[in-house]
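Please find below a colleague's note on the structure shown here. It is written for a reader who is new to such models.

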Amino acid sequence: MQNRSNKKFTGSLAAALVAAFSIMSVQGAQSVTRRPALVVGIMVDGLSMDYVELLRDQFGQNGFRRLLENGLTVNDLDYGTWVDNTAATAIVFTGASPEINGIPASTIYDRDTRRARPVFFDSSIIGNFTDETLSPGALASSTITDELRIDGGGTGYAYSIAPEPAQAIIMAGHAGNSAFWINDATGKWATTTFYKDLPAPPQEANHRYPLERRLDTLQWVPSLPVDRFPDLPPHKKLYPFRNIFQRGDANRFRAYKNSPVVNSDVTALASEYIRLLQLGTHQSTDMLSLGLSVQPFMYGRDPDARIELMDGYLRLDRDLAKLFDAIDRQGPGMDRTVVFVAGTPLTRRQRRDDEKWALPFGEFSSRKAVSLLNMYLMALYGNGDWVSGYHDGQIFLNHKLIKERGKDLGEFRGESARFLTRMAGVHRAWTVDDVLDRRATDNPDAARRNTFVGTAGDVFISIAPGWQANDDDSDTERPSTIVRAGAPTAPAFILVPGATPRTIESPVDARVIAPTVAGILRIRAPNGAALPRLRP
């Protein structure tokens, strides 16, 4: 009954989207007699329509307001289940879910080494300005970037810039000219030798304006008087925040990348790309893709970081305005540029409220969970190292040992899930077989398509809201966080020259963005795009 109603809803939603977008598409096609000279794709990590609406009166005319008043606004871009910004970016740029595009998260568990590793790890590749060895080899589908480059026969150029490597690589795709990100250890703009171009702007930034030196004197304070921030209780107006990034702090560059100040670096570098590389002046359409963020700041002293969050939106609004101004002054002009902005879901892991509020709290230890589960399985099946490890809410069993002992893997998975469900801090546990058979979670179809079998664990765990999930085997020092429930949605905007502004309030499948943008550019949709593009 539920599947039937879901199909009915999906059908009616698709019809509504076609009707809503048809006016925009028709008028856009009439006003743009040739392909755009430049397409700018922007992913904003943690973007929330609630905050965009809350701060709308504080925004200038040329940032968010330009998107809201001149383009297509999608209030709720639906990712199906919660995904991190890497998986969300892959969904948007490929038009395919992780089961097709092969990218379930920024890091995956390696059963051979029993350690987590970057999803784009590639030992055959070396890095520039980094010792990271990464390539887009794990990306199993083509992207908008790939299709645009192929369509132009390589005469158009495609670049990406983002704080995080995985996001930068996805946006550059397989055929992009280059992808640059900020290295966690050095703060330098870094890339991979997979891409053959080494543009001048990031190299110049590394040598003339190194982040390591700039952070010594940089501080992040409110960009407006505190009394101008809306909906603040009186006590929050008494203590304006001040965040610095001290030399010697192991999390220095990670904290900077989690702050909205990093968006200014990304957009400033993007403006240099437009100016120096003359984007929008080549024989075919050029593409510039950016990764930005307004996720809650995890490294401040006060867990209640709402002022920092609002300040992040205000700063992002000004950064967008500067980028659009650079396109007008130094690029082909906004009248010859298509812009799409897609948010990724707000992170589920957020700072814990002050203990004085006495909210329910617990700690889930992955190391303890693995140990107890292995002891339970030994009691049932005999001595052995039955559990290989834990990563990102997934338990990995020892397939080799289970096969050697002639045991049934499905039985092991089922027993493991039943045991883990009874563990404190575990809200729910289900097996990968449940996922494949569409028996898992409240949205089984979405759970299935957002699971890549090639790297999936044997048992999935949902940590109870309010609990702190400790990834005990992680090598990276992270702030303490608790799990919060939330909808896996975010807003999106598409700005097409001459198009009639429209707002879609019903949820829109995130896989729609890639084929829709491809249709606007009059190129093929990515080869894994599962949904038809919106068309007149």
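1. Basis of the note. The model is predicted: local features need pLDDT of at least 70, side-chain atom pairs count only at pLDDT 80 or more, and totals for chains, interfaces and linings use all residues. Residues are numbered from 1 along each chain as its sequence is written, and side-chain values use heavy atoms, with hydrogens and water left out.

2. Helix α6. Helices (H or I, at least four residues) and strands (E, at least two) are DSSP runs, numbered from the N terminus. Helix α6 spans residues 144-151 and is mostly covered, with six of its eight residues buried. Here buried means under 20% relative accessible area, exposed over 50%, and partly exposed in between (1.4 Å probe, protein chains only). The buried residues of α6 are I144, T145, D146, E147, L148 and R149. At the start of the helix, a side-chain oxygen of T143 reaches to within 3.3 Å of the backbone nitrogen of T145. After α6 comes G153, whose phi is positive, near 60 degrees.

3. Helices α11 and α12. Two packed helices are described by the angle between their axes and the distance between the axes. The axes of α11 (residues 261-276) and α12 (residues 306-330) come within 10 Å and cross at roughly 5 degrees. Axes are lines fitted to C-alpha atoms, for helices over the stretch in contact, and angles run from 0 to 180 degrees between N-to-C directions. Angles under 35 degrees count as roughly parallel, over 145 as roughly antiparallel, 65 to 115 as roughly perpendicular and the rest as oblique. The helices α11 and α12 are therefore roughly parallel to each other.

4. Residues between these helices. Contact means heavy atoms within 4.5 Å. On the α11 side, the residues that meet α12 are N263, S264, T267, A270, S271, I274 and R275; their counterparts in α12 are L316, D319, K322, L323, A326, I327 and Q330.

5. Residue D110. Is D110 buried or exposed? D110 is buried, with a relative accessible area of 18%, and lies in strand β3 (residues 107-110). Its side chain makes a polar contact with the side chain of R117 (3.4 Å). A polar contact is a pair of N or O atoms within 3.5 Å; within protein, one must be able to donate a hydrogen and the other to accept it, and residues adjacent in sequence count only if both atoms are side-chain atoms. Not counting residues up to four places away in sequence, D110 touches R115 and R117.

6. The salt bridge of D385 and R114. A salt bridge is a side-chain nitrogen of Lys or Arg within 4 Å of a carboxyl oxygen of Asp or Glu. By this rule the count comes to 31 salt bridges. In one of them, the closest N and O atoms of D385 and R114 are 2.7 Å apart. D385 lies in the loop between α13 (366-381) and β15 (387-391), and R114 in the loop between β3 and β4 (115-118), so the pair ties together parts that are 271 residues apart in sequence. D385 counts as partly exposed at 36% relative accessibility, and R114 likewise at 34%.

7. The salt bridge of R214 and D265. The closest N and O atoms of this pair are 3.0 Å apart. R214 belongs to helix α9 and D265 to helix α11, 51 residues apart. R214 counts as partly exposed at 28% relative accessibility, whereas D265 counts as buried at 16%.
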